[in-house]
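Subject: Structure handover

Hello,

Here is the structure I promised to pass on. Please open it first, then read the notes below it.

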Amino acid sequence: MPLQLYDTRTRSVRAFEPLHPGAVGLYVCGPTVQSSPHVGHLRVAVAFDVLRRWLAESGLEVTLVRNVTDVDDKIIVNAAAQGCTPWALAERCTREFNAAYDAVGVLPPTVEPRATGHIPEMVRLIQRLLDAGAAYPGDGSVWFSVAALPSYGALSGQHPDAVQPSPEGEPGKRDPRDFALWKAARPGEPTWETPWGSGRPGWHLECSAMAGKYLGEQFDIHGAGIDLVFPHHENERAQTVCAATADGACGEGAEMARWWVHAGLLTTGGEKMSKSVGNFFLVSDALAQARPQVLRYALLAAHYRSGLEYGRDTLAEAAASYERLETFVRSAPGEPGVDEPGGVWEAFTAAMDDDLAISRALAVIFGAVSSGNRADAGERRGWVGVVRRMLAVFGLDPVSQWPVADTALGPVLDAVVDVALQARADARTRKDYAASDAIRDRLGAAGVVVEDTAGGQRWHLAAR
Ligand SMILES: [Zn+2]
């Protein structure tokens with residue numbers, strides 16, 4: 001069964017078929033680099049990282065474009081409040097976002113375009129929209145005419161007449177529903193010269209220009225958090241669809257994205273985690289409480305389209321689940337693809353192909369752990385192998401993706417702990433329980449947790 005993927009625009013799950021066989025173009029709206037990342041940002045990034053990994057696992061070559069919005073109202077306002085330039089703030093926050101993505105194992109995009117590096121592409125796009133009769137200059141700005149596109153609202157389900165006019169009185173705008181492609185210069189703001197005057201781009205225009213440059217005017221999947229469906233994605237779609245219409249009338253030709261995929265939001269106390277509400281947890285704080293792979297597990301353990309409540313116990317619960325997986329994987333030296341028991345990978349694949357049904361996929365993984373724990377030592381290797389293969393799809397294989405030490409010290413640690421555990425086993429054989437406990441306690445003090453199981457001693461590193 002090919003991947004069945006939910007599309008927001010058609011409100012249906014459809015069999016995924018790439019525009020170009022064997023390859024997928026995926027555009028994910030990246031951060032507006034105005035402040036430090038919180039775990040809500042990471043939830044969306046991890047959701048699309050799992051989709052990207054599953055597409056690759058399915059044999060497709062993925063081109064992932066994730067932009068950086070580095071010119072924006074909020075960046076200008078926050079920089080002024082902090083007494084620095086918008087550039088300095090954007091640069092610092094960009095580094096923080098990338099460090100957060102790296103920390104939890106979000107693979108880097110194929111290309112990470114910055115809005116400020118694509119002004120010529122945006123100017124060309126504005127010109128095409130003017131030529132198509134879908135835009136007009138007014139008072140130093142350039143506006144998109146919502147009335148030009150009959151299907152405006154099709155993505156979000158909003159009728160054009162129901163679109164709320166923006167609250168600010170904006171000079172030069174003919175219809176309150178219209179939105180700015182280009183914003184006239186204001187004192188003290190970063191600006192660029194254009195045929196319509198100096199100013200800066202609107203946010204929606206930035207993504208249309210960058211998606212078009214790297215993926216073309218029609219591509220496979222456009223993604224982001226569900227909060228960006230309206231107005232951001234509705235406006236992106238309107239711009240790109242109209243620019244692609246050659247005859248001067250915004251037609252219903254090629255859709256910008258064949259699938260619009262939206263991740264559910266992280267909530268705290270039932271409310272969207274956001275800077276403006278103030279109910280956010282910084283990534284740096286979360287990583288002080290839990291290992292990065294535990295945070296990653298916590299963020300992907302719910303279906304990507306559903307909301308995910310993040311509270312005080314979230315990381316502790318994730319740590320308990322993930323440690324169970326780690327302990328099992330470290331109980332035998334199984335390799336993915338070697339002596340795997342039949343039917344497990346197939347069940348996992350069926351779950352993932354069903355719009356990434358994470359709960360079912362995790363149930364297959366934990367079922368395999370239970371079976372492996374009941375198996376003898378020889379068979380257990382095969383179970384460990386298939387569990388590692390499934391976890392790798394989530395970026396959570398404790399061996400290859402999260403080694404105990406990702407330096408040359410990893411094998412040394414393994415060997416030293418093995419020596420200590422052998423000494424402990426010897427002490428127990430001669431009934432010297434004081435010596436056995438002392439070894440366990442000293443390892444524990446160093447962060448190595450030893451468990452006695454029916455299958456012998458097992459160890460893992462303690463959660464921070
Ligand atoms: Zn965007």
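One definition before the findings: angles of 65 to 115 degrees between axes count as roughly perpendicular. Please also keep in mind that this is a predicted model.

**Two helix pairs**

Start with α4 (residues 119-131) and α5 (residues 203-215). These helices pack at an angle of about 100°. Their axes are 9 Å apart. That angle falls between 65 and 115 degrees, so α4 and α5 are roughly perpendicular to each other. On the α4 side, the contact is made by E121, M122 and L125. On the α5 side, L205, E206, S208, A209, G212 and K213 take part. By class, this contact has four nonpolar, two polar and three charged residues.

Next, look at α8 (residues 292-300) and α9 (residues 314-329). Their axes come within 8 Å and cross at roughly 105°. That makes α8 roughly perpendicular to α9. From α8, the contact uses Q293, V294, L295, Y297 and A298. From α9, it uses T314, L315, A318, A319, S321 and Y322. Here the classes are eight nonpolar, three polar and no charged residues.

**The overall picture**

The protein has 464 residues, and 44% of them count as buried. Its secondary structure comes to 14 helices and 15 strands. The C-alpha trace spans about 90 × 50 × 40 Å along its principal axes. Take contacts between residues at least 6 apart in sequence: 73% of these join residues at least 24 apart.

**Domains**

The protein is divided into domain 1 (4-267), domain 2 (331-402) and domain 3 (410-461). The C-alpha centres of domain 1 and domain 2 lie 37 Å apart. Eleven residues of domain 1 are in contact with nine residues of domain 2. Which elements supply the domain 1 side? Both β1 (4-7) and α1 (39-57) supply at least two residues each. Helix α1 gives the most, with six residues. The domain 1 side divides into six nonpolar, two polar and three charged residues.

**The core**

In soluble globular proteins, nonpolar side chains tend to be buried together. In this model, the largest nonpolar core has 119 residues. Within this core, L129, L181, C242 and V387 touch the most other members. Helix α1 gives the most to the core, with eleven residues. Where does the core lie relative to domain 1 and domain 2? Both domains give residues to this core, so it lies between them.

V387 deserves a click. Leaving out residues up to four places away in sequence, V387 touches F328, V329, I365, A368, V369 and G372.

Finally, find Q34. It sits in the loop between β3 (23-28) and α1. Is Q34 buried or exposed? It has 20 other C-beta atoms within 10 Å, and 20 or more count as buried, so Q34 is buried. Q34 and K74 are 40 residues apart in sequence. In space, their C-alpha atoms are 6.2 Å apart. K74 is also one of the residues that Q34 touches.

Over to you.

Best wishes

Methods: Residues are numbered from 1 along each chain as its sequence is written. This is a predicted model: local features need pLDDT of at least 70, side-chain atom pairs count only at pLDDT 80 or more; totals for chains, interfaces and linings use all residues. Domain bounds come from an automatic or database domain assignment. Two residues are in contact if their C-beta atoms, placed from the backbone, lie within 7 Å. Helices (H or I, at least four residues) and strands (E, at least two) are DSSP runs, numbered from the N terminus. Ala, Val, Leu, Ile, Met, Phe, Trp, Tyr, Cys and Pro count as nonpolar, Asp, Glu, Lys and Arg as charged, and the others, Gly among them, as polar. Axes are lines fitted to C-alpha atoms, for helices over the stretch in contact, and angles run from 0 to 180 degrees between N-to-C directions. Angles under 35 degrees count as roughly parallel, over 145 as roughly antiparallel, 65 to 115 as roughly perpendicular and the rest as oblique. A nonpolar core is a set of buried Ala, Val, Leu, Ile, Met, Phe, Trp, Tyr and Cys residues joined through C-beta atoms within 7 Å. A residue is buried if 20 or more other C-beta atoms lie within 10 Å of its own, exposed if 12 or fewer, and partly exposed in between; C-beta atoms are placed from the backbone.
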